[in-house]
Amino acid sequence: ARSMTGENVLFVLAGDGELREELKRRASGLNNVHFTGWLDQNDITALLRIAHAGVCPSGHSDSSVFLPNKAFAYFSEGLPILSSFAGEIRDIVDRFEVGFNYSDTETIVGALRRLMHDGASYARMRRNADRLFYDRFDADIIYDRYADHIEAVACSKEGRDVITRGRSTPRSLTKT
């Protein structure tokens, strides 16, 4: 739908959360807001693959204690995020340049405009989100790296010494 600034923006809200009916009521009359209802994992993945960004709104008074799962889903598809969370996710967005933090309507509108009109910045944030997920959150890669690290430590002399010190000699091997 065309907004008052002439920009095409479609907001897709997925899920059946507790605020869905209130949000639907508030969005009535807007032709650029679509509610999907509950989606299975395949549908979520398909939706994320055609999305341009993900939004992580916080409805909590203390959002610094939460790491929203949806942020990791967005990163897994290389999507920049717009987040109103405080704490660690705010730091991740800033430190790794994977999107924007917002605190009010004006800030999120500015972030959306930048994503839409600054192609180089948008492409950089997509690459950063993809790299962040791959380097820090992809379980297959992280677990493989962790297993390699444990194996390297166990095979090293220092690792064998630590393992040996932590073990008692089995009774069957001691002289009586």
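Visitor: Which residue stands opposite Val33 in β2?

Guide: Phe11 does. Strands of a sheet pair through backbone hydrogen bonds, either parallel or antiparallel. Here β1 (residues 11-14) and β2 (residues 33-37) run parallel, joined by four bridges. Two strands pair if DSSP finds at least two bridges between them. Strands (E, at least two residues) and helices (H or I, at least four) are DSSP runs, numbered from the N terminus.

This is a predicted model: local features need pLDDT of at least 70, side-chain atom pairs count only at pLDDT 80 or more, and totals for chains, interfaces and linings use all residues. Residues are numbered from 1 along each chain as its sequence is written, and side-chain values use heavy atoms, leaving out hydrogens and water.

Visitor: Through which helix does the chain cross from β1 to β2?

Guide: Through α1, residues 20-27; this β-α-β crossover is right-handed. With the strands pointing away from the viewer, such a path over the helix runs clockwise from the first strand to the second.

Visitor: In what order do the strands of the open sheet stand?

Guide: The order is β3-β4-β5, with parallel pairing. β3 (54-56) and β5 (99-101) each have a single partner strand, so one side of each lacks a neighbour in the sheet.

Visitor: How many bridges join β3 to β4?

Guide: Three, and β4 covers residues 81-83. Leu82 in β4 is the bridge partner of Val55.
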